[in-house]
Amino acid sequence: MRFLVLFDVDGTLFLTDDPLAGKALRETLEERFDIQLPADPIEHVDHAGQTSLRIARLVLEAAGRAGVDAGELAAWCPCFAERYLELLAGADTSGWRAAPDADDALERLHGAGHRLALLTGNPEPMARARMTRLGLGRFFPAGQGGFGCEGESREELIALARARAGDWPADATVEIGDTRRDADSARAAGIRSIGVAQSGLADAVARLTASSA
């Protein structure tokens, strides 16, 4: 069986804390919504496994700005991605770490004929810049996957990724992630979930390839 394999980014493929994301989010939310936020507003909300749109809504609610229109958030999100790329351009990322054996694991799936795509709360430019700097960008073609500026829930992103892959069947779609929200959203969307938190990416991929034989 050929699978559509949807990879989370933070904590799954990309294992390094990146304060640039928090800085870009804070600066762009403060500018667009005329508010003051703490130095790292992401850490003050339930952010694990959430999309950028959802994180922004939670940050705004914590700052007393509940009920922000979805259109306003959608207009903000590309500004967040653009500011992140500006910060990244001048950053030293030589210490960034990919998951151990990520290149080999992704090559194994690709060579076996599985379709690979990103399924992440990151905006697409952010996710792809991270993959490029980690040397993994070649595994994830343009026009595929689901990204954090495209929906507030991960279930929306899963549906979008399947549609972009030609309405790939749910029973042949797998999400690989590191949080409980990754697993819960996969189940809610009717697809399989494989977690990396306990045994790592290489083992998750080995389990998937064994099940597809």
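Begin by selecting R154, E155 and I158 in α6, which meet R181, D182, S185, A186 and A188 in α7; contact here means heavy atoms within 4.5 Å. The residues of this contact comprise three nonpolar, one polar and four charged, where Ala, Val, Leu, Ile, Met, Phe, Trp, Tyr, Cys and Pro count as nonpolar, Asp, Glu, Lys and Arg as charged, and the others, Gly among them, as polar.

The model is predicted: local features need pLDDT of at least 70, side-chain atom pairs count only at pLDDT 80 or more, and totals for chains, interfaces and linings use all residues. Residues are numbered from 1 along each chain as its sequence is written, and side-chain values use heavy atoms, with hydrogens and water left out.

Next, display the whole of α6 (residues 154-164) and α7 (residues 180-188), which pack at an angle of about 55 degrees with their axes 9 Å apart. The crossing of α6 past α7 is right-handed, that is, the near helix is turned clockwise from the far one by less than a right angle.

Then move to T209 in helix α8 (residues 201-212). T209 counts as buried because its relative accessibility is 12%, the limit being under 20% (1.4 Å probe, protein chains only). Show R108 as well: a polar contact of 3.2 Å joins its side chain to that of T209, the term denoting a pair of N or O atoms within 3.5 Å, one able to donate a hydrogen and the other to accept it. Finally, select A206, whose backbone oxygen lies 3.0 Å from a polar atom of the T209 side chain.

How values were computed:
Axes are lines fitted to C-alpha atoms, for helices over the stretch in contact, and angles run from 0 to 180 degrees between N-to-C directions. Helices (H or I, at least four residues) and strands (E, at least two) are DSSP runs, numbered from the N terminus. Buried means under 20% relative accessible area, exposed over 50%, partly exposed in between (1.4 Å probe, protein chains only).
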